[in-house]
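Trainee: Could you show me how to read salt bridges and burial in a model like this one?

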Amino acid sequence: MKKAVIALIIVLLFTTGCSIKKVQELSNSEKFAKEFEVSTKNPFVYTNIDHILNLLENGTGIIFFANSDYEGSKKAAIYITKIAKQENIKNVYYYNPKRLKEKKPKKYKKLIGYLDKCIDKNNMTLPDIYAVKNGKIISHSTLFSRESELSEDYLSKKRIRQIEEEYRNLLTYKECSNCC
């Protein structure tokens with residue numbers, strides 16, 4: 001009996017250890033694909049608040065603020081993945097700001113300071129996408145942040161073309177004169 005219990009414990013430890021290792025071995029694109037239900041051939045790179053703040057200070061990159069719990073964020077990820085593939089975009093920096101306000105209020109305030117011209121009343125709406133060039137926000141989109149943008153009626157063929165064009169402009173750093 002003792003041998004059977006010991007064998008069972010060893011098997012459980014081995015099985016648990018293997019599954020943890022496999023999760024840790026996932027690439028950014030594989031992790032993002034599981035979380036947002038998109039293709040593993042996506043451009044998304046998980047990043048942290050320090051990297052985001054550096055981009056907003058003097059960097060260049062596409063920033064995707066989102067939360068996979070929101071249907072709009074998942075929709076946006078689908079379109080960004082599609083357009084990024086067509087335009088050969090390699091990196092879109094993904095950051096979920098959900099806990100930032102509570103855990104690091106100084107960094108949250110700093111982030112809001114950079115985005116203040118683009119957001120309403122110091123509150124981010126998700127999904128929220130930015131094209132930043134040399135520390136300047138040149139384009140911005142909150143497509144799919146409103147419930148009405150998720151309905152089948154909203155997503156007509158014409159509107160889908162407009163959405164794709166807006167994301168294409170953003171991902172290829174076309175400056176938007178009235179974005180922020």
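Trainee: Which residue forms a salt bridge with Arg-146?

Mentor: For a salt bridge, look for a side-chain nitrogen of Lys or Arg within 4 Å of a carboxyl oxygen of Asp or Glu. In this predicted model, Glu-149 is the partner of Arg-146, with the closest N and O atoms 2.7 Å apart.

Trainee: Is Glu-149 buried or exposed?

Mentor: Buried means under 20% relative accessible area. Glu-149 is buried because its value is 2%, while Arg-146, at 48%, counts as partly exposed.

Trainee: Which residues are linked in a network of salt bridges?

Mentor: That would be Glu-87, Glu-165 and Arg-168. Arg-168 meets Glu-87 at 3.0 Å, N to O. Glu-87 sits in helix H4 and Arg-168 in helix H7, so this pair ties together parts 81 residues apart in sequence. Arg-168 also pairs with Glu-165 at 3.9 Å; those two are three residues apart in H7, about one helical turn. As for burial, Arg-168 is buried at 19%, whereas Glu-87 is partly exposed at 30% and so is Glu-165 at 40%.

Trainee: How many salt bridges does the count come to?

Mentor: Nine.

Trainee: And which residues are buried in helix H3?

Mentor: Ile-49, Ile-52, Leu-53, Leu-55 and Leu-56. They cover an arc of only 155° around the axis, so they lie on the same side of H3. Among the elements covering them are helix H6 and strand E5. At the N-terminal end, Asn-48 caps H3, with a side-chain oxygen 3.1 Å from the backbone nitrogen of Asp-50.

Technical notes
Residues are numbered from 1 along each chain as its sequence is written. This is a predicted model: local features need pLDDT of at least 70, side-chain atom pairs count only at pLDDT 80 or more; totals for chains, interfaces and linings use all residues. Side-chain values use heavy atoms; hydrogens and water are left out. Buried means under 20% relative accessible area, exposed over 50%, partly exposed in between (1.4 Å probe, protein chains only). Helices (H or I, at least four residues) and strands (E, at least two) are DSSP runs, numbered from the N terminus. The arc is that of the directions from the helix axis to the C-beta atoms. Contact means heavy atoms within 4.5 Å. A polar contact is a pair of N or O atoms within 3.5 Å; within protein, one must be able to donate a hydrogen and the other to accept it, and residues adjacent in sequence count only if both atoms are side-chain atoms.
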